[in-house]
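Q: Hi! I have a structure open here and would like to talk it through with you. Could you put it up so we can go over it together?
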Amino acid sequence: MNVLVVKANNRPEGVSSKMYETFWEKIKDAEHLNITVFDVFEEDMPHFGQDYFSAVHKQQHGLDLSDIEQRILAAKQKAMNALKAAETIVFAFPLWNFTIPAKLQTFVDYVAEAGFSFKYSPEGKLIQLMTDKKVILLNARGGIYSTPERAPLEMAVTYMENTFHGMFGMEIIDEVIIEGHNAMRDRSQEIIEAGLKKVSEVASNLVKQSLQLHL
């Protein structure tokens with residue numbers, strides 16, 4: 001099984017970083033998992049914008065590309081190749097200011113391409129192109145966003161669900177959210193430990209699934 005793990009937090013003490021580390025420790029030596037780690041903070045990933053569209057225009061007309069145009073085309077292709085090769089994609093990411101980190105947003109911008117991850121029918125209907133892939137979401141948020149009054153402010157997990165499941169068609173097979181460890185300081189360690197235990201269980205389940213495929 002080809003597994004892509006997308007790490008989207010560069011804070012060593014970040015809770016979602018600990019979720020990534022916990023998951024990684026469980027799967028790194030699995031015999032039937034072919035694992036690729038894509039660290040969005042370590043990759044050269046220029047923000048998606050006019051540089052990309054200028055690069056595409058120049059390519060189409062045989063014009064020379066600037067350095068940043070070459071970089072953004074290479075970075076976009078690398079992200080698309082990594083996503084295409086994976087059967088299961090794992091995202092470890094925090095909620096920052098109600099949404100995902102900008103670096104993870106850039107990754108999403110790179111892979112959300114018509115004809116690659118989705119397309120439209122002649123009638124304008126969305127057609128999902130990645131229904132054969134599975135996704136696992138590992139998220140940490142220091143506040144509490146699972147209550148009805150706070151849920152509308154949560155635009156990290158919701159965004160990832162809407163994009164990778166709703167738009168691309170991937171099946172969400174597991175989701176672990178650690179929340180409230182900053183809001184409830186007296187219970188912080190308890191909350192984090194319980195969440196990391198769930199992460200470990202999800203990782204173990206993935207290893208078991210890979211073994212079953214080879215029986």
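A: Happy to! Keep in mind that this is a predicted model. Let's start with A151, which lies in the loop between β6 (134-141) and α5 (157-167).

Q: Let's switch to T106. Where is that one?
A: T106 is in helix α4, which covers residues 102-111.

Q: Buried or exposed?
A: T106 counts as buried, since its relative accessibility is 2% and buried means under 20%.

Q: Which residues is T106 in contact with, leaving aside neighbours within four places in sequence?
A: T106 is in contact with M45, P46, H47 and F48.

Q: Nice. What about the surface, which residues make a nonpolar patch?
A: F98, L153 and M155 make a nonpolar surface patch of about 230 Å².

Q: Where does F98 sit?
A: F98 is in the loop between β3 (88-94) and α4. With a relative accessible area of 33%, F98 is partly exposed.

Q: What is phi like at F98?
A: The phi of F98 is positive, at about 80°, although F98 is not a glycine.

Q: Is N97 buried or exposed?
A: N97 counts as exposed, because its relative accessibility is 74% and the exposed class starts over 50%.

Q: Changing topic to the strands. How many bridges join β1 to β2, and do they run parallel or antiparallel?
A: There are 6 bridges between strand β1 (residues 2-7) and strand β2 (residues 34-39), and the two run parallel. The chain gets from β1 to β2 through helix α1 (residues 15-27), in a β-α-β crossover that is right-handed.

Q: Which residues in β2 stand opposite V3 and V5?
A: V3 stands opposite I35, and V5 stands opposite V37.

Q: How does β1 pair with β3, parallel or antiparallel?
A: β1 and β3 pair in the parallel sense, over 5 bridges. V5 takes part there too: its bridge partner in β3 is V90.

Q: So what is V5 paired with, taking both strands together?
A: V5 has V37 opposite it in β2, and V90 as its bridge partner in β3.

Q: Last one: why is β1 described as largely enclosed by the rest of the structure?
A: Because 5 of the 6 residues of β1 are buried. Each residue in that count falls under the 20% cut-off for relative accessible area, since that is what buried means.

How values were computed: Residues are numbered from 1 along each chain as its sequence is written. This is a predicted model: local features need pLDDT of at least 70, side-chain atom pairs count only at pLDDT 80 or more; totals for chains, interfaces and linings use all residues. Side-chain values use heavy atoms; hydrogens and water are left out. Two strands pair if DSSP finds at least two bridges between them. Helices (H or I, at least four residues) and strands (E, at least two) are DSSP runs, numbered from the N terminus. A crossover is right-handed if, with the strands pointing away from the viewer, the path from the first strand over the helix to the second runs clockwise. Buried means under 20% relative accessible area, exposed over 50%, partly exposed in between (1.4 Å probe, protein chains only). Contact means heavy atoms within 4.5 Å. Patches are made of residues with over 30% relative accessible area and no salt bridge: like charges are joined within 9 Å, nonpolar side chains (Val, Leu, Ile, Met, Phe, Trp, Tyr) within 5 Å. Accessible areas come from the Shrake-Rupley method with a 1.4 Å probe; for residues, only the protein chains shown count as cover. A salt bridge is a side-chain nitrogen of Lys or Arg within 4 Å of a carboxyl oxygen of Asp or Glu.
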